[in-house]
Amino acid sequence: MKTLLRLVFRVLFRLKTPKNHELLKADRLLIVANHESFIDGLLLGLFLPINPVFVVHTTIAQNRWFKLILMLVDYLAVDPTSPMAMKKVIKLIETGRPVVIFPEGRITTTGSLMKVYEGPAFVAAKTGATIVPIRIDGASRSYFSRMSGRYPRRLLPRLTITLLPQTYLQMPESGTAKLRRKKAGEGMRKIMQDMLFQSQPKQTLFLSMLDAMQIYGRKHRFIEDLKQVEYSYNDILKIALAMGKITSKLSEDNERIGILLPNLVPTLGLIVGMTAFGRVPAMLNYTAGTDGMQNACIAAGIRTIITSKQFLDTAKIAPQVASLQNVRIYYLEDLRAHFNFFDKIWLLAFAMPFPRLANRSLDSEAMAVVLFTSGSEGKPKGVVHSHRSILSNIAQIRSVIDFSVDDKFLNVLPIFHSFGLTAGALLPLLTGTRLFLYPSPLHYRVIPEIIYDRNCTVLFGTNTFLANYAKFAHPYDFYRLRYVVAGAEKLSDSVRNTWFEKFGIRILEGYGATETAPVISVNTPMAYRSGTVGLALPGIKTRLLPVAGITSGGQLHVTGPNMMHGYYRYENPGVIDVPQSEIGNGWYDTGDIVEIDDDGFISIKGRMKRFAKIAGEMISLEVVEKIAMLASPSQQHAASTQADVQRGETIVLFTTDRGLSRDKLQEAAREIGAPELAVPRKIVSVDTLPLLGTGKIDYVLLKTMADAV
């Protein structure tokens, strides 16, 4: 019977099974697997070269169809919340019998990891068992799953079983028994999240889109923009292939081509299509002005720019673009002339039916995109990312947050911003999640209406943008929002509290850098701690190096698969400067001073460059801004410095509150226990704070203003 079933699964489901069976050799073996469908246990029972005991949830074991499957394997039905039930499992492992557990207990209804029970973690830690994580992929798309009706199901989906390297879970030594059990459970959750991330295939952006199209179907309509027309995968594929073909005629292999376009579906298709033909989109910041764009072009060796006449007129930046030197400018409106009759035959007869054969890029380590740092602390640098680094970050995000096809993203962050590109645009495109692209985050009255009207469930934004959306939104505008994720700048307590009190939404604050594609850490529904930026994503290693004058925390260095290839610098145009830090090659010095608590949650104390040395003491300008925000929560504040002969530096506070006095700041400083030196001596009133196009404060301009005071 088993032989027949193996043949059926291999042939009909095109099952891909692992070859690294040596990982299953251990005296005490605990296999943990994600739970996608009713046939998960059957798959493992048929294709693992061992005879384990399957631990199944009591409610699952009572299903009449599942009972038929259980007849083929040894099993133990338990309630994962019961400590007594887990003792039976412990005895099994101690006798040397391999055990398979699904730590989620129930079958996923989201396609992502659900709640991980503490019981399996307690078993692993108590017995010291060797843990082998196994990823089952594809079963959630079968009719044996419990996915929502929107999730595409196939009669015979492709199935894959992946074995991950052995690991162990130590029993925490400190605290009460309840606390040790909780910490062990968190350890098991991290193992499961790491398994989901590590098992992702290594490929290119274009091939990843084709995989998603195969799963969700060519006719799956899921992306729209201001035209309010929903595009399908077939539509985006046609745009990508046509634009990729055209740009290949206008450029050379591996050439960096400047993209100067807003958040529109054709922009997204252009980016993916260029990568399929070995061209590298370099995402220019159209809010940076002539100097910013010119410096970016020089740094990355950009000789060609693709833009749109209509966009330049609408954004009123045509004169700035026209003044750029040593670049050829092509307009979307004129590109049709480069797509001749034979190209149309190629597209319809060959490329559309066989897109994998039309693809020219297969190397996941090849350069995929160039992003530019905001220039908030100097000339913009070109950050070179490979296909692997971007796809790794998407996989890392998906392993910790359960985005699904039931969600709808609203991406208002510009695609030239790493947060807007990776999380806001490519993540939905490569996962079949619905997406609305909006061209500007500055339309504070319009965006809440779009969220309400289009039933959006996911929103990404910066502290500044979220503060303004909350100011103009009706309390019911955000009733469908499941996730609001803040990044790019520190989330203030006032914004966090306003969103919770007015809309009942807990903002998930994250942290990242353009150099890391961008997300390094994020709070999630399963791992949240207010005032922090969450846990580091799976696969990311962190190190803190001590900083003179700072007693708590240290300067954060990170490395991981989402790390950039390197920089294109203005001082050395066209040459990639490989990342390195004091720790070694491949590590990135974030320049941020952080603390990491015993549970791994990261708290940002400030940027190294945003510390003032006053009378020999290191004072964080982040703390200065926190004091100002406490004294005047409804206004905006930003701190800078100017040289001081006697004290080294003097803090200058820029504020939109014309009534803010030093007495109020001193009172707020005493309330949070901040030192007297953190209270600025100079207070300058302004109508608005200078902002970059990404929503960050322009500290370069602010420093110039401070020096002039």
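Residues are numbered from 1 along each chain as its sequence is written, and side-chain values use heavy atoms, with hydrogens and water left out. In this predicted model, local features need pLDDT of at least 70 and side-chain atom pairs count only at pLDDT 80 or more, whereas totals for chains, interfaces and linings use all residues.

Helices (H or I, at least four residues) and strands (E, at least two) are DSSP runs numbered from the N terminus, and two strands pair if DSSP finds at least two bridges between them. An open sheet of nine strands shows mixed pairing, in the order β8-β7-β16-β15-β17-β18-β19-β20-β21. Its edges are formed by β8 (231-232) and β21 (535-536), each of which pairs on one side only. Helix α10 packs on this sheet and touches β7 (221-224), β8 and β16, contact meaning heavy atoms within 4.5 Å. The direction of α10 makes about 110° with that of β7; such angles run from 0 to 180 degrees between N-to-C directions, and axes are lines fitted to C-alpha atoms, for helices over the stretch in contact. Within the sheet, β15 (residues 408-411) and β16 (residues 434-437) pair in the parallel sense over four bridges. Asparagine 411 stands opposite leucine 437 of β16.

Helix α10 (residues 265-276) also belongs to a right-handed β-α-β unit with β9 and β10; right-handed here means that, with the strands pointing away from the viewer, the path from the first strand over the helix to the second runs clockwise. Strands β9 (residues 256-260) and β10 are parallel and share four bridges, with isoleucine 257 bridged to proline 281 in β10. In a regular strand the side chains alternate between the two faces of the sheet. In β10 (residues 280-283), Val280 and Ala282 on one side and Pro281 and Met283 on the other are all buried (under 20% relative accessible area, 1.4 Å probe, protein chains only).

Helices α7 (residues 177-198) and α16 (residues 387-400) pack at an angle of about 145°, their axes lying 8 Å apart. Gln193, Leu196 and Phe197 of α7 meet Ser392, Ala395, Gln396, Ser399 and Val400 of α16.

Serine 140 lies in the loop between β5 (130-137) and β6 (160-163). This serine 140 is buried, with a relative accessible area of 2%. Apart from residues up to four places away in sequence, serine 140 touches Glu36, Ser145, Met147 and Tyr151.

Terms used: Buried < 20%, exposed > 50% of the residue type's maximum accessible area, 1.4 Å probe, protein only.
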